[in-house]
Every structure is written in C-alpha cells, then in structure tokens.
Amino acid sequence: MTICVYCSAKDTIPAVYKETGVALGKWIAEHGHNLLFGGATGGLMTAVSEAAREAGGNVVGVVPERIIRSGRLSAVCTELIRVENMSVRKQTMRDRADVFVCLPGSFGTLDEMFDVIASGTVGEHKKPLFILNQEGFYDGLQQEIAHMKSLGFIPQEESYKPRFADTIEELTEQITALA
C-alpha cells in the first residue's frame, strides 16, 4: 500500500510531533508499505521520511522545482518525482496514493487535506483520508465540520468523509483494518 503523508515542514514545532512522525515512518516501512511525501526537508517531513528510510522502506518524494532550487530536497528518497509546481504535486500525490494521512501541519497541509476531501466529495476517488488529531491539534477543524453540518453546508451523510484518530496507535490500527 502506498501511504501519502501530509505534514509540517517546520523545524520549530514541539518534539512530541516529531516523535510521532518518526513512529509513523518506521511503522510504514516495517509493515511493507511505501511512503509518499512532499520530498522536502524540515520538521515532520524529515522525521517521517528518514524513519521510513532507516527502517528499509521505499520513500517516494514528489517535489516542485521551486523547492529543489531552494536547497530543501530530501536526500532519503528512493524515488524522486520532480514536478513543475504545487498543483501538479498535489495531483501526482493524489493519483499515486492508496491512503492519505494528515499529521499536524500548517496551510500547505490543510491545502492538501482539503484537496483530497473536495476531490473525494465529487467522486474523483474513494481513497481513505486519516487525520491524526494528536494533542487535540485538529479539534477546531472537527468543531468547524460539525458547525457546517448543523447549518446544512455539509450533508449529514457525507459522500466522502475523513477519519480522525487521536493517537498514532489508533491511526495505524485504522490503516491496518483496510487490508
């Protein structure tokens, strides 16, 4: 299974999130899955990709030319897919993934997450999206989803629905249950 991981590339985040990134990367490799990620360095991207590679995993990076030119290309990729821009990166990752996982992140992570949700909602794919709500990171998002549902902006029975997990253990159990 190819697991696409969206996450923060910031080094200034708390260590607890990086530890989770390491645990996820290691788990992906040890369970024979492929890691698909943004191909850059920093923060959780480094934690997940280095852990997967160190555990002998296949690490596929999809990286825009602008990130390569900025000197942030990850050196741990077993396969590198160079793309023109962020839009092509999102499409490539969506096409190649079997499963999506969102770890804590910022605007880029949210953009990727919402791209997967929106494209799933209109029927472009049926690939599951898991959101790790570690330390309540995505509590606000869950509240906003409930608010949008209460006002009728999101149907009560969604055609495509992200799945939330509060711990790395719960997340990996949910992914394992897919097989």
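**Close-up 1. Lining of the second largest pocket in the predicted model.** The residues lining the second largest pocket divide into 12 nonpolar, two polar and one charged, where Ala, Val, Leu, Ile, Met, Phe, Trp, Tyr, Cys and Pro count as nonpolar, Asp, Glu, Lys and Arg as charged, and the others, Gly among them, as polar. This is a predicted model, in which local features need pLDDT of at least 70 and side-chain atom pairs count only at pLDDT 80 or more, while totals for chains, interfaces and linings use all residues. Residues are numbered from 1 along each chain as its sequence is written, and side-chain values use heavy atoms, with hydrogens and water left out. The second largest pocket holds about 280 Å³ of space, and of its 15 lining residues Ile 117, Thr 121, Ile 154, Glu 158 and Tyr 160 are the closest to its centre. A pocket here is an open set of points on a 1 Å grid over the protein atoms alone, where a 1.4 Å probe fits, with protein on both sides within 12 Å along at least five of seven lines, and lining residues have an atom within 4 Å of a point; the volume is the space filled by probe spheres set on the points, which are joined across faces, edges and corners. Helices α5 and α6 (139–150) each supply at least two lining residues, and α5 gives the most, with four; helices (H or I, at least four residues) and strands (E, at least two) are DSSP runs numbered from the N terminus.

**Close-up 2. The largest pocket and Thr 109.** About 380 Å³ of space lies in the largest pocket, and among its 20 lining residues Cys 7, Ala 9, Met 45, Gly 108 and Thr 109 are the closest to the centre. At least two lining residues come from each of β1, α4 (86–96) and α5 (107–121), with the largest share, five residues, from α5. By class, this lining has nine nonpolar, five polar and six charged residues. Thr 109, in helix α5, counts as buried because its relative accessibility is 3% (buried means under 20% relative accessible area, exposed over 50%, partly exposed in between, with a 1.4 Å probe and protein chains only). Apart from neighbours within four places in sequence, Thr 109 is in contact (heavy atoms within 4.5 Å) with Tyr 6, Cys 7, Ser 8, Leu 103 and Tyr 138.

Close-up 3. From C-alpha to C-alpha, Ser 87 is 9.1 Å from Pro 64, although 23 residues separate the two in sequence. Arg 94 touches Phe 100, Asp 115, Val 116, Ser 119, Glu 124, His 125 and Lys 127, not counting residues up to four places away in sequence.

**Close-up 4. Thr 2 in strand β1.** Thr 2 belongs to strand β1 (residues 2–6) and, at 15% relative accessibility, counts as buried. Leaving out residues up to four places away in sequence, Thr 2 touches Asn 34, Leu 36, Arg 96, Ala 97, Asp 98 and Val 99.
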